[in-house]
Amino acid sequence: ANQTNYTVKESTTQNFTRILDSGNYNWSVNCSDTVNNINNSKTRLIKVDLTFPSISNEAINGTNFTVNEYTCLNATITDTYSDVSSVKAQVDYPVSGLTNVSLSNNTGGCGGAGGNIWSYALQNIEEGTYNWTITFAQDVAGNINSTIPSSILNWSVSIANEMNVSMTIPAENIKINESEE
């Protein structure tokens, strides 16, 4: 809604206060005096964002991996009034514990990243069970949201191959004599 203030004084700084809901607002100043002198400012845009980013569709690309393979973490992040500036996933590693990783929406990433799809290719460097525990999203206005994934996102990592070695030669017991000189 328009706001008019008739008490503007020449060569004096004026402050106007208006409480605004989330949305885009045009702002300008129009002045005139009693002898019909008129001046207008340029129209400026004010963006008000009081909403949190929305987090949904957290997913991984499998449940069983080997050490050094990659698990693709991806999530859909949207924001109504401003762009999303960062997305992080908190992952509980089997040995190291909780670690935050930064997801990206750059195209070419795993899981069809781009636009509202954010992803991270997590290299599984420890044997055991991993768990994606929390997702954080922040928009450019500084609003932060966090959620626990709607489904349990655990995956297991094992060592790829075990090597069994059998000694066939020599077939008999060996005696080693050691002496001091």
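Me: Is Cys-31 buried, partly exposed or exposed?
Reply: The model is a predicted one. Buried requires under 20% relative accessible area and exposed requires over 50%. Cys-31 has a relative accessibility of 37%, so Cys-31 counts as partly exposed.

Me: Which residues does the disulfide join?
Reply: Searching the whole structure gives one disulfide. The cut-off for such a pair is a sulfur separation within 2.5 Å. With an S to S distance of 2.2 Å, the residues joined are Cys-72 and Cys-110.

Me: What is the handedness of the disulfide, right-handed or left-handed?
Reply: The handedness follows from the torsion about the S-S bond of Cys-72 and Cys-110. That torsion is about 90 degrees, so the disulfide is right-handed.

Me: How many residues apart in sequence are the parts that the pair ties together?
Reply: Cys-72 belongs to strand 7, residues 70-78. Cys-110 sits in the loop between strand 9 (97-103) and strand 10 (117-123). The pair therefore ties together parts whose separation in sequence, in residues, is 38.

Me: What accessible area do Trp-27, Val-29 and Ile-46 have together?
Reply: Trp-27 is in strand 1, residues 23-27, and is partly exposed at 45% relative accessible area. With Val-29 and Ile-46, Trp-27 forms a nonpolar patch on the surface, and their accessible area together is about 250 Å².

Methods. Residues numbered from 1 in each chain as written. Predicted model: local features only at pLDDT ≥ 70, side-chain atom pairs only at ≥ 80, totals over all residues. Heavy atoms only, no water. Helix = DSSP H or I, 4+ residues; strand = E, 2+ residues; numbered from the N terminus. Buried < 20%, exposed > 50% of the residue type's maximum accessible area, 1.4 Å probe, protein only. Patch = residues over 30% accessible without salt bridge, like charges linked within 9 Å, V, L, I, M, F, W, Y side chains within 5 Å. Areas by Shrake-Rupley, 256 points an atom, 1.4 Å probe, with all protein chains shown as cover. Salt bridge = Lys/Arg side-chain N within 4 Å of Asp/Glu carboxyl O.
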